[in-house]
Amino acid sequence: MSRYDEEAKYDRPRRHTRPRTKDRPSYDEAAIGFVFTRDRGRYACWVEDPEGGREVTAMKARQLGRTGVIVGDRVKLDGNATGDQGSLARIVEVLPRTTLLRRSADDDDPVERPLVANADQLVIVVAVANPEPRTGLIDRFLVAAYDAGMRPLLCLTKTDLADPDPLLSIYRPLGVESVATQQGGDLSELREQLDDRTSVLVGHSGVGKSTLVNGLIPGADRAIGVVNEVTGRGRHTSTNTLVLRLPEGGWIIDTPGIRSFGLAHVEPEQLIHAFPDLAEIAETCPRGCTHTADAPDCALDDAVAAGRADAARVDSFRRLLASREGRELRESDEPT
């Protein structure tokens, strides 16, 4: 038969693909891991076992698509989850998160940046001197903690250099618990607050987070920096987020030093709930009150005038509110 015979039939070549199926693999027996750090697309996960636990290196499975995996996530691991040298597992599922600590680069940045999942306590590390405390940043951390559903704890460092009471007096009305530490001092009070909890340590550079970590966990060897005598700012010594296990039980998550903490992900009407003392007063405001400095008949102004509210707290709240709503700030009000 001629290759050009009109009666010849030519079938289209078949595609060599697997037929579609609605069946999906079950991972009911998959190992459950806890992501404690990430490095260039590889995730280090901790898997509990009868011998105490093992470290498993894993990569994100293609099926997860754009699903993000962050430090603190509890994940299901498929493949080789033995933790043997050279082995590589796959993260096939991210389990539901109980909490999520988030921030944006600044208050006008619409991109939400998840930081840590499943932590139950935010430890705000603040030096009372060298560098000087920045209440604006502390307030931002508090807002982020309340938004994430985390318990805030104020940890004051370098109390041998200055009296911590003026700073503590600002936050006592909020009911925020606090601990005070000195360089080379006893950390037993802080250990009690960390026991059996998953705690995230945050603070701007130079406040002593790495020193605390090294004191709490012998052998952690987190790099320690110094504070610039001219600018009063610290140098970033912790460059990655890392989870470390406490000897007495519990975990601490050390984060890089933060100089700014955007709140674009927090709705403006939710900000007042980060200031419980002011939220109670604001309940008597006129309906639709914005609580800004130019809001008519705002109960916050009446409370300040009557001495029932701290003027500094109201100013701090309004600074955050103005920043979150995208209003132009005075240079002295800009977040640090």
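Is arginine 245 buried, partly exposed or exposed at 40% relative accessibility? Arginine 245 counts as partly exposed, where buried means under 20% relative accessible area, exposed over 50%, and partly exposed in between (1.4 Å probe, protein chains only). The structure is a predicted model, in which local features need pLDDT of at least 70, side-chain atom pairs count only at pLDDT 80 or more, and totals for chains, interfaces and linings use all residues. Residues are numbered from 1 along each chain as its sequence is written, and side-chain values use heavy atoms, with hydrogens and water left out.

**View 1. The protein chain and its confidence.** The chain has seven helices and 13 strands; helices (H or I, at least four residues) and strands (E, at least two) are DSSP runs, numbered from the N terminus. Buried residues make up 46% of its 336 residues. The mean pLDDT, the predictor's confidence in each residue from 0 to 100, is 82, and 79% of residues reach 70 or more. Over residues 223–238 the pLDDT is below 50, and this stretch has 39 contacts in the model beyond near neighbours in sequence; a contact means heavy atoms within 4.5 Å. Residues 327–336 also have pLDDT below 50, with 15 such contacts. Where pLDDT is low, the predicted coordinates should not be read in detail.

**View 2. The salt bridge between arginine 245 and glutamate 48.** The two side chains meet at 3.4 Å, N to O, a salt bridge being a side-chain nitrogen of Lys or Arg within 4 Å of a carboxyl oxygen of Asp or Glu. Arginine 245 belongs to strand β12 (residues 242–245), whereas glutamate 48 lies in the loop between β2 (42–47) and β3 (54–60), 197 residues apart. Glutamate 48 is partly exposed, with a relative accessible area of 48%. The whole structure holds 13 salt bridges.

**View 3. The salt bridge between glutamate 93 and lysine 76.** The closest N and O atoms of this pair are 3.8 Å apart. Glutamate 93 is in strand β5 (residues 89–94) and lysine 76 in strand β4 (residues 74–79), so the bridge ties together parts that are 17 residues apart in sequence. Glutamate 93 is partly exposed at 30% relative accessible area, while lysine 76 is buried at 15%.

View 4. Of the 14 residues of α1, 11 are buried, including Leu137, Ile138, Phe141 and Leu142. At 1.5 Å a residue, α1 should span 20 Å, and its end C-alpha atoms are 20 Å apart, which agrees; the expected span is 1.5 Å times one less than the number of residues. Aspartate 147 is partly exposed, with a relative accessible area of 30%, whereas arginine 102 counts as buried at 17%. Just after the helix, glycine 149 takes a positive phi of about 80 degrees.

**View 5. The largest nonpolar core.** A nonpolar core is a set of buried Ala, Val, Leu, Ile, Met, Phe, Trp, Tyr and Cys residues joined through side-chain atoms within 4.5 Å. Among the 74 residues of the largest one, Leu122, Ile124, Leu154, Val200 and Ile252 touch the most other members. Helix α1 (residues 135–148) gives the most to this core, with eight residues. Not counting residues up to four places away in sequence, isoleucine 124 touches Ile138, Phe141, Leu142, Leu153, Leu154, Cys155 and Val202.
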